[in-house]
Structures are given as structure tokens and as C-alpha cells.
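Good morning, and thank you for making time for this presentation.

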Amino acid sequence: MPRTQTSNAPTLPVLPLRNIVVFPHMIVPLFVGREKSVKALEEVMNASKQIIMVTQRDEAQDEPDVEGVYRVGCLGNVLQMLKLPDGTVKVLVEGQTRVRLTELKDEGGMFSARAETFLEREGDEDELEALVRTVVAEFEEYVKLNKKIPPEVLVSLAAIDEPARLADTIASHLNLKIEQKQELLELDLVDDRLEKLYQFMENEIGLLQVERKIRTRVKKQMEKSQREYYLNEQMKAIQKELGEGEEGDFADYEKKIKELQLSKEAKEKAETELKKLRMMSPMSAEATVVRNYLDVLLGLPWGKKSKLKKDLNFAEKVLDEDHFGLEKVKERIVEYLAVQQRVAKLKGPILCLVGPPGVGKTSLAESIAKATGRAYVRMALGGVRDEAEIRGHRRTYIGALPGKIIQNLKKSGSMNPLFLLDEIDKLGQDFRGDPSSALLEVLDPAQNHTFQDHYLELDFDLSDVLFICTSNSFNIPPALRDRMEIIRLSGYTEEEKVQIAMRHLLPKAMEENGLKKGELSVGEDVVRDIIRYYTREAGVRSLKRSLDSLCRKAVKEILSKKSAPEKGKTAAKGKKRITNHESRITGIKVTSANLNDYLGVRQFSYGVKDAEDQIGVVTGLAWTEVGGDILSIEATVLDGKGKLLTTGQLGDVMKESIQAAASYVRRRAEALKIPADFHEKHDIHIHVPEGATPKDGPSAGLAMVTALTSVLTGIPVRSDIAMTGEVSLRGRALQIGGLKEKLLAAMRAGIKTVFIPRDNVKDLADMPKVIKESLKIIPVDNVDEVLAAALTRNPFEGKRVSDGTVAAKLKKSKTKSKKAASSSVARKRKNGRELHA
């Protein structure tokens, strides 16, 4: 308990203070606004100018009561008082000595109290001197770390000799809490006061050193960023002066976000990214990534749709003008437009056009876009092996981009374009993923309204897009194929090719080669000869190349004749006379007689069958990715031990078909009048010419049985027939595929009669009329019907065949077979693609 000196001290006004403790010998300015405090100051100025200053316990209390202030304070003198216009009072006070309040009263609208003076005590003189030196040294260290205290304070401390005053001066400059300062004020023993000061300064210096370390570390880390920041700020100022500031970009982004019909998710994402961009340094790598993302996101055609054309007559007119034939596809598109007129929201169909090259799949998609009024976008899938080509890369990768689906939609500028996925059967697959699996979401009408690109990271609606895929074969993953509506485009008939050439290919070829109307005359008979003798294909690409070659040679001939010296040219009386030579070269007429002069020798023969019927030689029909083709099958019997030899690069399925045919013939040997032990004494060799071309498939079964029967019975096969169909061990003719392509190939080769399985009769309904008129199509149920009609004599009638008879007939026809085989090979076009019999 500190000692006090009692006296009959007068009652003095009391000034409660907030957030400050006044020590003796301390001069401080105070702003007083409370009514009681102002009244206390007025009382002081009218009397002795002495006032007691005490600190209130709760600084948040506006009107403290008697118990709300500490009992130890400082007696001070009011040096100056100034009333301010707002009613507050600015007063300058000087602390004199510590006092303890004895009687604190709240009366007359102010606080007043009697006070007792503290009696300060000092301990051992040497110990006190040591404490003073230690505290002063510690304070000097504190001043070095705390930049808020001016260095002049140390000079004033050097002039103070009294330890008590020194302690109070140091305490007034320390950044301590109110409770800690009040504790120092209430200590009467100077030694304790100095020790407590030393303790407080130790804690403060520790905190200041930690702060200094943190500032140093942060300064080193931020030095480079700060430098860049200042440079960027200078650059922004320069750009602002030039009218190229960042704020302009931000304003453009904000304008686009407001104007575009973004989905709720997309709008929130765009606003978040823009907010993030504002807080970044413009030159940082992350800012570039965010900027690119916003450019992509806001560059998409949100809510923009092409106005679709719903006129059915216009659509039919456009499709008919651009393409001849292809009735199924045209009918499907017109159906779609018809439904669109009745239904407000119609999801785009997903069509897949499957057919050989050159039949017009890609150009048909362009015509559909024109007929429906949609923007046209094409994406080539040939050789695509990376899933990211479809879905895009995530933004964490350097140089990340959205997938081709999003990129092409951005390019089209519409949410409902016609999107062509070209060559979907050529998709690859490797360690980077399976693009065909990524397309499952794109091509599923039930899912593509929430398509997610890895780059965008939000749902995008593809339900209004009209997807059309093209393929040369059905080599498409089953799950992907199930999502598409397959429309088959078979090869063109000869008449269709003639019409396409006369209406489209020839006028276009003349225009591209600079030929004017009348300079080149090509009739339908010439085009038909080009189709028959210079091309053998399902489409019209080779036909187009032949017409282009014809036009180029015509241009060359015209220019060569015009540049040659013109004999007979005379000039009379300043007038020019045109000679017969000039009038003769005004136009070139190509006929069947002079076609060889322009296109060279004929590449193929048409309608030329073997001069005589051959033993063991049968014409089969095959399907390839480029259309149908004829397949010559040859069989011969050799002395041996019953081996079955197969050559011609045949696949496993075709070899099994040969074994099944051989088993059937062996089982029917008695009915066919063939020696029962033929398989023990003879080897049978079956060969399919064009050995460099792979061949596979089961549909040559009927031809294999016919060839074996012919060679074993010695009965020739008719040369004007062809056949296709799989055969069972019971001799049934089983259904095959690709019938239209095979019949077209037979028609091109000049075949007159074709045997097909009866199960394929239903496919004849969709056959062009010209095929059914040009070919005699015979449906069969079993092999016996084929053998009875295809061989020159019914093998089930007549005498039994002996080994000598077979050998004699084979020897007799040996020379003819060689000639026939070479003629057959010469007719065929070696296209290098696999044949599916």
C-alpha cells in the first residue's frame, strides 16, 4: 500500500480521461467534449487552475459514474484552454504529482474530489543507479526499433537526474496498454517502477524485432513484385494518356457480359474471372490466361441463332439443283423441316451418311445447310487421336485451348449451325484417350444440352446444332453408331453418272479451265464412254478428273492453233479477212471416235464376256469401301492326296467358306455323279486373281460351290452370269450385305444374270429401276438351284463322271482358261483396297 500525505486539501474538480494516462511532468493536449468535463474545466479557469486527471476503467463508457474511474491519478495545471466552434474544448495540461482520491463526488454537474499526495520512495542507491542505466540503455534500443519516437527524446532524457522523473518520462513514450500505464502510475517505489518499465520494454523490443524480421523478409519477397507494380502503374498511366488503358478492356468485358445472353452459370463465371483479372498485374502470366479465357467465353455465340428456312419447296429445289439422285437423304431432310414447322423446339437430328468416296456426302451437307438456312461448319476427324481435340485442354496446361467443337461454334457465330463431322470412321485411339468416346456426349440428343468442355468448365448447349457425320464404312464403335441415324449412300448407276456429269461436273470443269460456251462440245454418248472405259468407281471423282483432263487438252489445242502461223491471212484495203482455218478452230467437238486422242487408250473393257464358257471359272461379286467389284474365282483339280489349296491373299472367313463349300460338294458327290473317293486321289486348288489385294468375307460361298462342282464334273460355267451369297453345310443360300453395290458392279462389267439369296429380295425394293431393268436377278434358296442354272448342263442329270473324263476336259480347256483368266484380270481395276466377298 503506497504511503500518502494527508492534509486539509481543498476539493478540486476531476477530469475523467479516455485512452490516456497522464504522468507527472508530462504536457499533453486534450480535447474535451463531455458536459461534466467542460464544466470542470470552466470551474478550474475561474479558480486555482488546478485539476485532478484520472483515467476511466471502461473507455467505451460515455458517462462514467463514481465507480467507473481509477482512484490514483495525476494533479495537474491547466496551461491553456480554447473553446472550439463545435462546442468542444481544447486544453493544454501539465502533470505535477501523483495523487490518490479520497472523496470522489458527482455533484453540481461535475466530478469533484479531495486528493492525497503520494510519497515516492527510493531503494538502495547503487542498485537504483544500475537500474537507471539499464533502463536508459534499453530505451535507446527501443527508440532505434520504434521509428515513431523522435531521437530528440534521448537528448532530453540525458538532462534528467531524478530517477522518478526519468521513469515517468520513459513510461509516457512507451506503447503500452492503459492498464499497464495505470499500474506504473500506482507504484510508489521507484525501483519497482524501473523494473516494471524494463520488463515492459523487453517485451516490446521482442515484438519489434519480430516485426522487423517479418518486414525484412516481406520486403525481399515483394521487392521484385513492387518494382514490377510501379513499372506497370507507369505503363498504365502512359497507356491511359494514349487512350489504350486497361480500364478500356475491363469496360469492354463488362459490356459484353451485360449484352450477351449468357446462362446463369456462364455469367457468374465471367464476372468471377473479370474480378480476378482486376486484382492481377497486367503483365503476369496468370492474367494472360484469364484474359484468353474471357475472350473465348465471351466470343461464343450465346443466344445467337440463324433464322431457319422452313419452306419445303425451297429446300427440295436447292437439294435437287445441287445433287442428282440421293432421294433418301433429301426425303429425310424435308421430313425434318416439315416437323420443324409444327414443333417450336426441335432437337437437331444426328445423321450419318455412309457410302463410298465420291458419292457426294460432304457436298450434300453443304446443300443441306443452304436449304435450311444454317451456318456451315466442317470438322475433319481423319487421324484425330487425342480426346482433347473434342473436349479441349484444362486451363492448368500452358497453351490450353478449347476443343474443336467449341472453336468451330465460335467461328460459325451461331448456336444452331450445321456441324459436319467428316470421316468419323477414321478416328484413331492411343494413350491420349479415345476421341470416339468423347463424341458420345456430343452426339447424344439427351446429353448434348449440357456438353462440358474441359477449357470452359461449364455447361454448353449443343441441342440446337444439326450434326451430320460421314463415313466410308460401318467401322464405327457400336455405342457411337447407336446414337446416329444411318443413311446409306450406295454408288451411282451409269445413268445417274451421266446426268451428274452433264448437269454439274462438265459445266464446272469448263468454267475452272477457262472454256467459254461453244468452245467444247461433249455429248452424253461421250460421257457414257468415259464412264465405261476410263473409270470404274462407285462415285464420280475419277469421272471429274477425266472431264478436267479433257478440258485442259481442249484449251491447249485451242491456244496452240491460234498461236500458229495463219496461212491464207491477207489484208486488203485496211480490212482484216478471216480465213477458213480460223473459223475451223472456234469450237472443239469430242466424239466417241476421237475420245482416245484426248484421254489415251481405254483403261477398262465394258460388257466383254468370255468368248466361251469355262470349266471351274465363276464370277463372284464383292463389296469394297469404294463400291462394288467383280471377283473371278478359279478352281482346278490336280493329282494328289486330297489337299485343299487356297491362294490369292484370302482372309480366314473366306478360307472357312471354301472349306464349307468343299464339304458340301463331297456330301453331294453321289447326286452330282462325282466319284466318291475324289478327295483321296486329287488335290483341289482354288485361286482368286489379283493376289496383291486382300480379300475376305463369307458371301462367295455359292461361287465356291459352283467352281468346285464345275471342275469336278467337267461342266463349264456360263460366262454371262455372276452370283453372291453365303452357303451353309446344308446347301442353303444365306443373306449377304452390300447388294446394291454388288449389282452395280455386275452391271458395269456387262453381266446379264445374277443369282442372289432369296432373303435379299426385300433389298430390291430400294434398287434403282435401271438396275432391275439391266440385270436378270434370280433369287435362290439353295445351291442346287444355282448349279442347275449356272452350269451349261444340269449336273444332277446324265452319266457319272469318271476321273479320266474330268482330266480330259480340263486338259482341253487349259489354253482357253489361261486366256480367260488374263482377260478377266485386265478388266479389273486394281484399287489396292480390301475386297469383302
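S699 sits in the loop between β23 (695-696) and α24 (701-713). Helices (H or I, at least four residues) and strands (E, at least two) are DSSP runs, numbered from the N terminus. S699 counts as buried, because its relative accessibility is 4%. Buried means under 20% relative accessible area, exposed over 50%, and partly exposed in between, with a 1.4 Å probe and protein chains only.

A word on the source. This is a predicted model, in which local features need pLDDT of at least 70 and side-chain atom pairs count only at pLDDT 80 or more, while totals for chains, interfaces and linings use all residues. Residues are numbered from 1 along each chain as its sequence is written, and side-chain values use heavy atoms, with hydrogens and water left out.

Now the chain as a whole. There are 29 helices and 29 strands. Of the 837 residues in the chain, 48% are buried. The chain exposes about 42800 Å², and carbon and sulfur atoms supply 49% of that area. Accessible areas come from the Shrake-Rupley method with a 1.4 Å probe; for residues, only the protein chains shown count as cover. Among contacts between residues at least 6 apart in sequence, 76% join residues at least 24 apart; contact means heavy atoms within 4.5 Å.

Which residues touch the most other members of the largest nonpolar core? They are I424, L439 and L443, in a core of 52 residues. Helix α9 (residues 285-299) gives this core its largest share, 7 residues. A nonpolar core is a set of buried Ala, Val, Leu, Ile, Met, Phe, Trp, Tyr and Cys residues joined through side-chain atoms within 4.5 Å. A second, separate core has 51 residues, including L326, V329, V498 and V527.

Leaving aside neighbours within four places in sequence, L439 is in contact with L381, I390, L421, I424, L427 and L480. L439 is one of the buried residues of α15, together with P435, S436, A438, E441 and V442. Because 6 of its 8 residues are buried, α15 is largely enclosed by the rest of the structure. The buried residues of α15 pack against α13 (388-391), α14 (404-412), β10, β11 (451-452), β13 (466-471) and α16 (478-482).

In the loop between β10 (418-422) and α15 (435-442) we find E423. Phi of E423 is near 55 degrees, a positive value in a residue other than glycine. E423 forms a salt bridge with K426, the closest N and O atoms being 3.1 Å apart. A salt bridge is a side-chain nitrogen of Lys or Arg within 4 Å of a carboxyl oxygen of Asp or Glu. Both partners are partly exposed, E423 at 26% and K426 at 33%.

By this rule the count comes to 35 salt bridges. In one of them, R193 pairs with E120 at 3.5 Å between the closest N and O atoms. R193 lies in helix α6 and E120 in the loop between β7 (110-118) and α2 (125-145), so the pair ties together parts that are 73 residues apart in sequence. R193 is buried at 1%, whereas E120 is partly exposed at 38%. Another salt bridge joins D464 and K305 (2.8 Å, N to O). D464 lies in the loop between β12 (459-460) and β13, and K305 in the loop between α9 and α10 (312-322), so this pair ties together parts 159 residues apart in sequence. A network of salt bridges links K269, E273, K276, R395 and E457.

V210, I214, V218 and M222 make a nonpolar surface patch of about 310 Å². Patches are made of residues with over 30% relative accessible area and no salt bridge: like charges are joined within 9 Å, nonpolar side chains (Val, Leu, Ile, Met, Phe, Trp, Tyr) within 5 Å. I214 is found in helix α6 (residues 190-242) and is partly exposed at 38% relative accessibility.
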